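Work through the exercises below with the sequence and the 3D view at hand. Each task is followed by its solution.

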Amino acid sequence: MPVRILIADDDSTIRMLFRRLLEAQPDWQVCSEAVNGVEAVEQAARVAPDVAILDLSMPVMNGLDAAREISNSNPELPMLLISVQEISDQLVEAARKAGFSGAITKSRGREVVRGVETLLQNQSYF
């Protein structure tokens, strides 16, 4: 059974790039995509992914707020925050409080694979 991944980002190019990187891994599949936080919450409930990757800055609802809602209904779901900004100590603290298990900057796109691997081993990736 493949590892099922939800990607939420308002930038279609980023979603496509991450889909390519993730689906290049054996037995990994992007099961759903979302363009904002509200869609991410809905998709997480509907498709029950094994991992969720959420952008920090999205329209309608940002990644931190979406993660809080997802965590309330599915506290076991590992979530990886992606952001254009550097991952500061303050952002790590806010991400942890929202329910994220890891965070990476988008400029390090290939790092998303390492992040997901680490989360699947029930470890943090900050």
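Two residues are in contact when heavy atoms lie within 4.5 Å. The model is predicted, so local features need pLDDT of at least 70, side-chain atom pairs count only at pLDDT 80 or more, and totals for chains, interfaces and linings use all residues. Residues are numbered from 1 along each chain as its sequence is written, and side-chain values use heavy atoms, with hydrogens and water left out.

**Exercise 1.** Find which residues Met 79 touches, not counting residues up to four places away in sequence.

Solution. Start with Ala 52, Leu 54, Ala 67, Ile 70 and Ser 71, which are among the residues that Met 79 touches.

**Exercise 2.** Describe the largest nonpolar core.

Solution. A nonpolar core is a set of buried (under 20% relative accessible area, 1.4 Å probe, protein chains only) Ala, Val, Leu, Ile, Met, Phe, Trp, Tyr and Cys residues joined through side-chain atoms within 4.5 Å. The largest one has 23 residues, and Met 79 is among those that touch the most other members, as are Ala 8 and Leu 81. Elements that each supply at least two residues include β1 (3-8), α3 (63-73) and β4 (79-83). With four residues, α3 gives the most. Another core, of 19 residues, lies apart from it and includes Phe 18 and Val 116.

Key. Buried means under 20% relative accessible area, exposed over 50%, partly exposed in between (1.4 Å probe, protein chains only).
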